[in-house]
Amino acid sequence: MGGFGWLGKARLKAGNRINMLAKSNSKHMLAISHEQAEVEMNEKPTKQALGGEARAKSLTQERRREIAQRAAAARWGNLEEASLEGDFPLGESIISCAIVGNDTRVITQATFLRALGRARSPKAGTGVLTTVDELPFFLAADVFKPFITNDLLESTKPIFYLSKGGGRGVGYNARLLPDVAEVYLRFRDYHLAASGEVPKRYRDMVQAADTLIRGLAKVGIVALVDEATGYQNVRAKDALARILQEFLSEKRQVWTQTFPIDFYKEIFRLRDWEWKPWTTKRPQVIALWTNDFVYDRLAPGLTEELDRLNPTVSPGQRSAKNTQWFNPERGHPRLREHIAGVTALLRASENWIGFKAAMDRAYPKPVLIGENHSLPLTGGGGPKLLKAR
């Protein structure tokens, strides 16, 4: 402010007026504007203006920065401040994240885009603006819309917040990242089935989404953010309970077919067992594998919570199916989505060992980091271990 005095302001104001009037076809108006500009440039500053300019000159650079940050915060409204911030590695990228408010896990927009193989920032004029369909620009292309679920539509709003340093931050809920990657992969699968190839302009995005989805499970992203920010050290004791509430219901639901026949048929194929489609009797070990491949990998503690809600009434028998305890709004859809992914891996595998390796790569078991656990990640030359600090 100190280097931009009253004369400079007057010149700027006059120049702006001339530029506006120059667009008019009237030479008379342009002549008048020059006269008005000359008068404004010859005006002397008031005592208040001189005082404000002197005060600005007396402020230190640090004080000016503090005032500017407060003014920016006021313009953004009453935003919540990030309580914790951090970074974590994902493939060849570093993802920046924050805890905003009580427990909203946010990935910054720039690194969110980088993880999806997109430009670091939106093209000029797009920013975080949504389309008429209220979709963020990275989902706005018409080719993606058939693969976007209603649940995803409800979670695509950007999150504005204040960083710990007082700057403005914008990002997206961390849970949105794998969901968007899955949209890109469904788009890929459609084109591979229809024409055998992905349109060239989308190949980098599809490749990035494939790398991402192999390294993250939906609850795993929560663990990564918590590890990077140190949030696991201050998380309330009911944090795990809140995660489980997203999946399970205290009231048993009406049974619906959840596990497709192919799930069991492909297990029999990989184990080289005779498949008998007319019977539902299966080896008891399949129940243990179901826990391992499905429930253990959806959320930490989920299998134990299902045992509490749906205990065995006799050896190998329960009063209801475990799937009946998933809440119909979010839990059951996510369960079906996970089972579909596991079934696809079963179908694509040539042997049991290869399938188990693919499971560990695509759906690592989520853990609560900070209790001497390790979280498997993928990228580069194979699995990595992110040690709890």
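## Basis of the description

Because the model is predicted, local features need a pLDDT of at least 70 and side-chain atom pairs count only at pLDDT 80 or more, while totals for chains, interfaces and linings use all residues. Residues are numbered from 1 along each chain as its sequence is written, and side-chain values use heavy atoms, with hydrogens and water left out.

Strands (E, at least two residues) and helices (H or I, at least four) are DSSP runs numbered from the N terminus, and two strands pair if DSSP finds at least two bridges between them.

## Pairing from strand to strand

The antiparallel strands β1 and β2 are joined by eight bridges, and Ser93 in β2 is the bridge partner of Leu90. Strand β2 (residues 93–100) has six buried residues out of eight, so it is largely enclosed by the rest of the structure; buried means under 20% relative accessible area, exposed over 50%, and partly exposed in between, with a 1.4 Å probe and protein chains only.

Four bridges link β2 to the antiparallel strand β3 (residues 104–108), with Cys97 partnered by Ile107 in β3. These two strands, β2 and β3, form a hairpin with three residues between them, and Gly101 in the turn has a positive phi of about 70°. Elsewhere in the sheet, four bridges join β4 to the antiparallel strand β5 (residues 168–173), and Leu162 stands opposite Arg168 in β5.

## The nonpolar cores

In soluble globular proteins, nonpolar side chains tend to be buried together. A nonpolar core is here a set of buried Ala, Val, Leu, Ile, Met, Phe, Trp, Tyr and Cys residues joined through side-chain atoms within 4.5 Å. The largest has 42 residues, of which Phe88, Phe112, Phe138, Leu139 and Tyr184 touch the most other members. Two or more residues come from each of β1, β2, α5 (109–115), α7 (176–194), α8 (203–215) and α9 (218–229), and α7 gives the most, with eight.

Leaving aside neighbours within four places in sequence, Phe138 is in contact with Phe112, Leu113, Arg118, Phe144, Tyr172, Leu176, Val180 and Tyr184, contact meaning heavy atoms within 4.5 Å.
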